[in-house]
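The sequence and the model come next, followed by notes grouped by topic.

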Amino acid sequence: MSRISLRLFLCLGVVGAPLAHAVDFEKQIRPILTKNCYECHSETRKKEKAGYVFDNLDRFAKSIGVNLAIEPGNPGESTFYDVLTNPDAKHHMPPKGSLGQSDLDNIRKWISEGARFDDKAPKLAMKKDLPPIMKWTNSDGRSIKAGFGGVEGDQVIFKMPTGQLVKYPIAKLSPESQKLVKECAE
């Protein structure tokens with residue numbers, strides 16, 4: 001087997017094979033969130049601090065993606081992970097103390113593995129080559145400097161340099177920026 005064939009075989013084998021010790025969201029991550037986060041981030045408890053809820057997976061999933069709170073495959077770029085692990089973070093969580101090391105390790109591994117709720121779900125497409133700040137132009141010709149955070153319906157999600165997520169109507173962007181949204185979302 002040639003060296004290239006061997007590499008391709010190994011890559012396909014690793015990508016196609018289930019992870020031997022993959023973190024199970026339902027068994028390992030949800031209990032951490034339930035115990036430590038639902039008090040402030042739960043639809044059921046009617047607490048949605050900072051707009052985050054972790055007990056509604058459809059809403060929680062909107063925080064997962066390139067330039068969002070959880071960067072699949074990259075805990076070091078995930079604000080979510082930073083506020084859990086960095087005691088000096090502006091909004092360290094949980095507010096009263098810290099998670100145990102095994103909980104932090106499981107969350108780090110879950111993010112590294114793609115931050116999926118179901119190990120059978122397809123991995124989220126990640127564009128690692130997008131710059132953190134891009135130049136966008138609205139239909140009035142005004143410049144917007146922000147990262148690409150995804151698309152939700154007819155709106156693009158901009159990640160502002162401050163970390164704030166802002167939804168902006170795609171129709172109000174210049175044709176060039178509308179094309180850029182499509183390219184980034186592919």
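Not counting residues up to four places away in sequence, Phe80 touches Leu33, Phe54, Ala69, Ile70, Ile107 and Ile111, where contact means heavy atoms within 4.5 Å. The model is a predicted one, in which local features need pLDDT of at least 70, side-chain atom pairs count only at pLDDT 80 or more, and totals for chains, interfaces and linings use all residues. Residues are numbered from 1 along each chain as its sequence is written, and side-chain values use heavy atoms, with hydrogens and water left out.

**The chain as a whole**

- The chain has six helices and six strands; helices (H or I, at least four residues) and strands (E, at least two) are DSSP runs, numbered from the N terminus.
- Along the sequence the pattern is α-α-β-β-α-α-α-β-β-β-β-α.
- Of the 186 residues in the chain, 33% are buried; buried means under 20% relative accessible area, exposed over 50%, and partly exposed in between (1.4 Å probe, protein chains only).
- Among contacts with a separation of 6 or more, 45% are between residues 24 or more positions apart.
- The accessible surface of the chain is about 11,900 Å², and carbon and sulfur atoms account for 55% of this surface. Accessible areas come from the Shrake-Rupley method with a 1.4 Å probe; for residues, only the protein chains shown count as cover.

**Salt bridges**

- Side chains of opposite charge can pair when their charged atoms come close.
- The chain has four salt bridges, each being a side-chain nitrogen of Lys or Arg within 4 Å of a carboxyl oxygen of Asp or Glu.
- Arg30 pairs with Glu26 in a salt bridge whose closest N and O atoms are 2.9 Å apart. The two residues are separated by about one helical turn, because they lie four residues apart in helix H2 (residues 25-36). Glu26 is partly exposed, at 41% relative accessible area.
- Arg59 forms a salt bridge with Glu48, again with closest N and O atoms 2.9 Å apart. This pair links distant parts of the chain, with Arg59 in helix H3 (residues 57-61) and Glu48 in strand S2 (residues 47-48), 11 residues apart. Both are partly exposed, Arg59 at 30% and Glu48 at 38%.
- Lys109 forms a salt bridge with Glu113, and their closest N and O atoms are 3.9 Å apart. Lys109 is partly exposed, at 28%, whereas Glu113 is buried, at 15%.
- Glu43, Glu48 and Arg59 belong to one network, joined by salt bridges that share partners.

**Lys145**

- Lys145 lies in strand S4 (residues 143-152) and is exposed, with a relative accessible area of 55%.
- Leaving aside neighbours within four places in sequence, Lys145 is in contact with Ile133, Met134, Met160 and Pro161.
- Met134 is 11 residues from Lys145 along the chain, and their C-alpha atoms are separated by 5.6 Å.
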